[in-house]
Amino acid sequence: FWATRWHYIRAMHEFAVLIGRFQPFHNGHLALLQHALSEALHCIVVIGSAFHARSPRHPFDWQQRADMIRRALPAADRERVTFMPVRDHHADAPWIAEVKQAVANAHKAAATAIRAVSTGSTAATGSTSTSVLLVGHRKDATTAYLDWFPEWELTTLSVASAATARAARNALFLATDDDALRAMVPPPVFDFLAIWRDERTFAALQEEWTMLQNYRATWAVAPWPPTLVTVDCVVKCNDHVLLIRRGEAPGK
């Protein structure tokens, strides 16, 4: 009770928002989440690419990613986090609208619990601010979304960890140097990944990851940058859609 009460007195924001794919959740993500929880009473974690088909780039469904994040937090902080899955869109505007709606839904659900702790008194907080704080790290073009929510206060942090999701996935699928993976992810997440490696899903994704690594290596010696183009279509007839089961990797 007193730990929660202390957070309520200290925090300047009711809610913080952290957006990411977390494939997997690594130490850099953890530093951002810890900062969000230090600045707000509750953190809404928006999990992007939530319903993407499994692939070496998207090996975990959104529930598994939420589970990793929970494991990485102390028990007292787990109740202060709400997870909201958001799907991919082919345009920015629908994605922005879905993120805003997801945050609004989480805000409404969590506000009741926050008010119960605060006994409904804004005087107890030391602040009347109820603004939303967006926490992130400017990495490259993939983090341009940080500027898409001008109605939220933005705070960006410098790199707190050399870990990246791509490097963590490579260490995970290479499966020859656990020390490298262990250095990039929180210990409870490493334990989760070690168990996940024994599942059938991992073997199939590892096979595809190896195929892609070898494929890229064959093009690395090309005298010019390769441009790989694919053209797809949807075949619909009498309210039915034609599905073709792919027989080869990637996407077998």
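## Close-up views of a predicted model

In strand β3, the bridge partner of Ile 47 is Pro 85. This pairing comes from a predicted model, and the legends below take you through it view by view.

View 1. Ile 47 belongs to β2, which spans residues 40-47, and its bridge partner in β3 is Pro 85. How many residues of β2 are buried? The count is 8 of 8, so this strand is largely enclosed by the rest of the structure. If you follow the side chains along a strand, remember a handy rule: in a regular strand they alternate between the two faces of the sheet.

**View 2. Strand β1 also pairs with β2.** Here you can find β1, residues 13-20, which runs parallel to β2 and is joined to it by 7 bridges. To get your bearings, look for Ala 16, whose bridge partner in β2 is Cys 43. Now trace the chain from β1 to β2: the path goes through helix α2, residues 27-39. This β-α-β crossover is right-handed.

View 3. Asp 67 and Arg 71 are joined here through their side chains, with 3.2 Å from N to O. Where do these two residues lie? Both are in helix α3, which covers residues 62-72, and they are 4 residues apart, about one turn of the helix. Asp 67 is partly exposed because its relative accessibility is 24%, and Arg 71 is also partly exposed, at 36%.

View 4. Is Glu 151 buried or partly exposed? Its relative accessible area is 46%, so Glu 151 counts as partly exposed. Lys 100 is partly exposed too, with 33% relative accessibility.

**View 5. Asp 147 and Arg 138 form another salt bridge.** The side chains of this pair meet with an N to O distance of 2.8 Å. Asp 147 has a relative accessible area of 48% and is partly exposed. Arg 138, at 42%, is partly exposed as well. The salt bridges in these close-ups are among the 6 that a search of the whole structure finds.

**View 6. A nonpolar patch lies on the surface.** Which residues form this patch? They are Tyr 215, Trp 219 and Leu 228, and together they have about 300 Å² of accessible area. Tyr 215 is found in helix α9, which covers residues 200-219. With 36% relative accessibility, Tyr 215 counts as partly exposed.

View 7. The chain has 9 helices and 7 strands. Of its 252 residues, 39% are buried. The accessible surface comes to about 14,900 Å², and carbon and sulfur atoms account for 56% of that surface. Finally, consider the contacts between residues at least 6 apart in sequence: 70% of them join residues at least 24 apart.

Notes
Residues numbered from 1 in each chain as written. Predicted model: local features only at pLDDT ≥ 70, side-chain atom pairs only at ≥ 80, totals over all residues. Heavy atoms only, no water. Salt bridge = Lys/Arg side-chain N within 4 Å of Asp/Glu carboxyl O. Buried < 20%, exposed > 50% of the residue type's maximum accessible area, 1.4 Å probe, protein only. Pairing = 2+ DSSP bridges. Right-handed = clockwise from strand over helix to strand, strands pointing away. Patch = residues over 30% accessible without salt bridge, like charges linked within 9 Å, V, L, I, M, F, W, Y side chains within 5 Å. Areas by Shrake-Rupley, 256 points an atom, 1.4 Å probe, with all protein chains shown as cover. Contact = heavy atoms within 4.5 Å.
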